[in-house]
Number of protein chains: 2
Amino acid sequence: MELDERKLKILKAIVRNYLETGEPVGSRTISKYTDLNLSSATIRNEMSDLEDMGYILQPHTSAGRIPSDKGYRTYVDDMMREKADEISQQQQEISDMKDFLTEKVEKVEELLQNTAKLLANNTNYATMISAPRFAKRIKFLQLSLVDDMSLLCVVVLDGNIIKNKLVKLSKQIDAETVLKLNILFNSTLNGLTMEEINLGIITKITGQAGEHMELVKRVLEIIAEVVGSDEDMKIYTSGTTNILKYPELSDNNRASELINVLEEKQQLTSLITENNSEENTGIQVYIGDETPVQNMKDCSVVTMTYEIEDGVQGTIGIIGPKRMDYEKVVESLKTVKGQLDVVFKNNNE
Amino acid sequence: MELDERKLKILKAIVRNYLETGEPVGSRTISKYTDLNLSSATIRNEMSDLEDMGYILQPHTSAGRIPSDKGYRTYVDDMMREKADEISQQQQEISDMKDFLTEKVEKVEELLQNTAKLLANNTNYATMISAPRFAKRIKFLQLSLVDDMSLLCVVVLDGNIIKNKLVKLSKQIDAETVLKLNILFNSTLNGLTMEEINLGIITKITGQAGEHMELVKRVLEIIAEVVGSDEDMKIYTSGTTNILKYPELSDNNRASELINVLEEKQQLTSLITENNSEENTGIQVYIGDETPVQNMKDCSVVTMTYEIEDGVQGTIGIIGPKRMDYEKVVESLKTVKGQLDVVFKNNNE
DNA sequence: ATTAGCACTCTACAAGAGTGAGTGCTAACA
DNA sequence: TGTTAGCACTCACTCTTGTAGAGTGCTAAT
């Protein structure tokens, strides 16, 4: 059996109706709803076929049909193909996002948090956004003496990410030494990524350190620690309680598990790292079992990567019920992506 | 009518029983439960009195009684008085907290987050913890040239809180100027709090700035912004989904509102700032309507301030149903407070 | 002052009946 | 051969009814 034109139309009608109502949809509904003039009986036959083919399923005998994961998938794929480069009218609906986003962007963190919140309010789903992952190339390094026994170590990375740490000294050093160390570090390390700091460079530095070898080693450790820390792998979530708005998710204690996942943020990293969408849009839709996160088997997740410069990218994700409004979600994500690009590029100019 | 010994005993029995079961408690239960040997009929009479006096109430006719806010209040006050300085056996139950907390404390943020998580797991309530509010005295200040057109401004505050911001320059300056500015700023500003930087000091600095007055003004603004930002008013929450474990809170959509409040963290500040417990313990119990947060009228909140040095303090809070296990919560808070003190003092030594 | 007994109230739970939405099948139809 | 109308059947949902149980308030006896 094959998924011909008419079957596809019926399937789409079923999915669309179910997205709206959340109720199983029956043959009579479709018979009236669609433009193809067919009686409910004919629809019933087709639906029976669609069920055999695995696109829809019945919660119980004598109930309407709901889309299966496979059904959602074909719907989404089809929808994505159609809308590929079309500029939606919904763009306008969320274009006020622009004003909101571009206004006083001082802290990236704040911006991301606001974005997550805005998206959540706009879509009524839970949202997450990961801070951009920078290449971690050292741009500048500064050691300074805060008081007799503490050395402040500040590292500026590409993308103007600033990290710092205070080091307690075991023995006193003077200002002149600090100056020399600053020159030493900057002349050898600037422009390098963490991976490029190999044994050769390390021995070169420690060789020139003279009596302060211990301290130099210590500072190198600090740099590694500070730069390597996954603090910038930070994830912001918002609208987690939107989950509770959808009965099929708020049941039992699955809802609490879901919210927990969003709160812990730990498992969400898999959504970021696993983004292997080949398409140019950077959008990926996970439906039900497709999601890499365990407790989201009853959800759909739409992720999109935004990119600031080459290699500097982050991920936005929307988590909702399987019957989420895919079209709106995708449009919203695209708009936000555009705005983020604008903001960040202005900021980096 | 007066709350005599016997009435108090009965009230306590009612509260205690209700804390355990969450069900309205009837006269017969009390008659068997307590040591005072009274028939259920007598208890009924007393309960009727207690209801008139406003300590307990009936959800509906022919149901048992549940404590009113006033009833909880007397119970808590009484309990607090008794347990004032007693070392509880529960101390031991959560003493493993110590190992957990003291182990690798590199980031204060992480420590606080872990503490919140630990407390939430331990008590099965939602928890919040605010980062300590430091005095904001400037300890050290460092300007450095990252590249031709960007100046890095790092401020170290008392308590070794480090803030930074990158400034885009409008015109190029040389290394020597930066050095001079560093000396200027450090010699005038170090040791001052934000409040102490008055007009006199500002004019003094700008006067000495010469041709770089614009830049100096800019840096002063940055300092004010960076130091004044309430980023350190950060609040960490955990176990918000524990709310859903208590039917009286997970009803309707109040639960979602509650979780929202905890997620937004905005309104929680009132719990921190309003802490005016006169007692030495620093513990404050808000029952129902007493809480300053709107959406927590159906909850009880227990807060405690921890202090690291003079004036450097933060707040821990536990949010649960009115029928929370007050004794356990108070004990847990005390233990955590102790541990935090130990950790922070070791860290600051 | 305390208690035993009784009538009354209200909730929670279960069983049963009715309703409606929806299906599957069969036979008629173009 | 594809489409449609009609009919019997299924199942969830809702409303009603009955019942058991817990608890109270009141009264009379101790």
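1. Around DNA strand C there are 19 residues, of which Ser27(A), Arg6(B), Thr42(B), Thr61(B) and Ser62(B) come nearest, a residue being near a strand if one of its heavy atoms lies within 4 Å of it. Of the atoms of DNA strand C that come within 4 Å of the protein, sugar and phosphate account for 80%. The model is a predicted one, in which local features need pLDDT of at least 70 and side-chain atom pairs count only at pLDDT 80 or more, whereas totals for chains, interfaces and linings use all residues. Residues are numbered from 1 along each chain as its sequence is written, chains are lettered from A and ligands numbered from 1 in the order in which they are written, and side-chain values use heavy atoms, with hydrogens and water left out.

2. Polar contacts to DNA strand C (a polar contact is a pair of N or O atoms within 3.5 Å; within protein, one must be able to donate a hydrogen and the other to accept it, and residues adjacent in sequence count only if both atoms are side-chain atoms) involve both protein chains. Arg44(A), by contrast, has a side-chain N or O atom 3.2 Å from a base nitrogen of DNA strand C.

3. The surface near DNA strand C receives at least two residues each from α3 (40–52) of chain A and α3 (40–53) of chain B, and α3(B) gives the most, with four residues. Helices (H or I, at least four residues) and strands (E, at least two) are DSSP runs, numbered from the N terminus. By class, this surface has four nonpolar, eleven polar and four charged residues, where Ala, Val, Leu, Ile, Met, Phe, Trp, Tyr, Cys and Pro count as nonpolar, Asp, Glu, Lys and Arg as charged, and the others, Gly among them, as polar.

4. For DNA strand D, there are 20 residues around it, and Arg6(A), Thr42(A), Thr61(A), Ser62(A) and Ser27(B) come nearest. Sugar or phosphate holds 78% of the atoms of DNA strand D within 4 Å of the protein, and the rest belong to bases. The largest share of the surface near DNA strand D, four residues, comes from α3(A).

5. Between the protein chains, 34 residues of chain A are in contact with 32 residues of chain B, contact meaning heavy atoms within 4.5 Å. In chain A, Ile162(A), Thr241(A) and Glu263(A) lose the most area to chain B, together 17% of what that side buries, buried area being the accessible area (1.4 Å probe) that two parts lose on being put together, summed over both. The two chains bury about 2,800 Å² between them, with 53% of it on carbon and sulfur atoms.

6. In chain A, the charged end of Lys70(A) sits over the ring of Tyr55(A), 4.6 Å from its centre, and in chain B the charged end of Lys70(B) sits over the ring of Tyr55(B), 4.5 Å from its centre. A charge sits over a ring if NZ of Lys or CZ of Arg is within 6 Å of the ring centre and within 35 degrees of the ring normal.
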